Amino acid sequence: MATGDLHIVLCAEYDALPRIGHACGHNIIAAAAAGAAIALGDLADDLGITITVMGTPAEEVGDGGGKILLLERGAFVGVHAP
């Protein structure tokens, strides 16, 4: 596991919308984030970065989507690029 000075978080949306399910495409965003992390994994040490994949559920719930709730609760503390 890389522990570089620059911490990058790849947000992986994985929720589904009422009535249309995963047709909204968020499952594709989650797969892309996981794939990007795997691809960068071999380079992380050489680049001096730490990569984290963070699931971001409930993006369309009220005024506090998943990333907003995570931000308010400190999930991105110490992260340089979410």
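Predicted model: local features only at pLDDT ≥ 70, side-chain atom pairs only at ≥ 80, totals over all residues.

Biologist: What does the secondary structure of the chain come to?

Modeller: There are 3 helices and 2 strands. Along the sequence they follow the pattern β-α-α-β-α.

Biologist: How many residues are in the chain, and what share is buried?

Modeller: The chain has 82 residues, and 29% of them are buried.

Biologist: What about contacts between residues at least 6 apart in sequence? What share join residues at least 24 apart?

Modeller: That share is 60%.

Biologist: Let's go to the strands. How do S1 and S2 run, and how many bridges join them?

Modeller: S1 and S2 run parallel, joined by 8 bridges. S2 covers residues 49-56, and S1 covers residues 6-13.

Biologist: Is S1 largely enclosed or open?

Modeller: Largely enclosed by the rest of the structure, because 6 of its 8 residues are buried.

Biologist: Now salt bridges. How many does the structure hold?

Modeller: It holds 1 salt bridge. The side chains of Glu-13 and Lys-67 form it, at 2.8 Å from N to O.

Biologist: Where in the chain do those two sit?

Modeller: In distant parts of it. Glu-13 is in strand S1, while Lys-67 is in helix H3, residues 66-72. They are 54 residues apart.

Biologist: Is Glu-13 buried or exposed?

Modeller: Buried. Its relative accessible area is 12%, and the cut-off for buried is under 20%.

Biologist: And Lys-67? What is its relative accessible area?

Modeller: Lys-67 has 28%, so it counts as partly exposed.

Biologist: Which residue in S2 stands opposite Glu-13?

Modeller: Thr-56 does.

Biologist: How accessible is Thr-56?

Modeller: Its relative accessibility is 0%, so Thr-56 is buried.

Biologist: What is Thr-56 in contact with, leaving aside neighbours within four places in sequence?

Modeller: Six names to look for: Cys-11, Ala-12, Glu-13, Tyr-14, Lys-67 and Leu-70. Both partners of the salt bridge, Glu-13 and Lys-67, are in that list.

Biologist: Staying with H3, what about Ile-68? Where is it, and how accessible is it?

Modeller: Ile-68 is in helix H3. It is partly exposed, at 38% relative accessibility.

Biologist: How far is Ile-68 from Thr-56?

Modeller: Their C-alpha atoms are separated by 9.2 Å. Along the chain, the two are 12 residues apart.

Biologist: Switching to H1. What should it span, and what does the model give?

Modeller: H1 has 16 residues, numbers 26-41. At 1.5 Å a residue it should span 22 Å. Its end C-alpha atoms are 23 Å apart, which agrees.

Biologist: Which residues of H1 are buried?

Modeller: His-26, Ala-30, Ala-33 and Ala-37. They cover an arc of only 60° around the axis, so they are on the same side of H1.

Biologist: Why would residues spaced like that point the same way?

Modeller: An α-helix has 3.6 residues a turn, so residues three or four places apart point the same way.

Biologist: What covers the buried residues of H1?

Modeller: The cover includes S1 and S2.

Biologist: And which exposed residues are on the face turned away from the buried side?

Modeller: That face of H1 carries Ile-28, Ala-31, Ile-38 and Ala-39.

Biologist: Where does Ala-32 come in?

Modeller: Ala-32 lies in helix H1 too. It is partly exposed, with a relative accessible area of 49%. The cut-off for exposed is over 50%.

Biologist: How far is Ala-32 from Ala-12?

Modeller: They are 7.9 Å apart in space, C-alpha to C-alpha, and 20 residues apart in sequence.

Biologist: Last topic, His-80. Where is its place?

Modeller: In the segment after H3.

Biologist: Which residues is His-80 in contact with, leaving aside neighbours within four places?

Modeller: Asp-5, Leu-6 and His-7.

Biologist: How many residues along the chain lie between His-80 and Leu-6, and how far apart are their C-alpha atoms?

Modeller: They are 74 residues apart along the chain. Their C-alpha atoms are separated by 6.3 Å.

How values were computed. Residues numbered from 1 in each chain as written. Heavy atoms only, no water. Salt bridge = Lys/Arg side-chain N within 4 Å of Asp/Glu carboxyl O. Helix = DSSP H or I, 4+ residues; strand = E, 2+ residues; numbered from the N terminus. Buried < 20%, exposed > 50% of the residue type's maximum accessible area, 1.4 Å probe, protein only. Pairing = 2+ DSSP bridges. Expected span 1.5 Å × (residues − 1). Arc of directions from axis to C-beta. Contact = heavy atoms within 4.5 Å.
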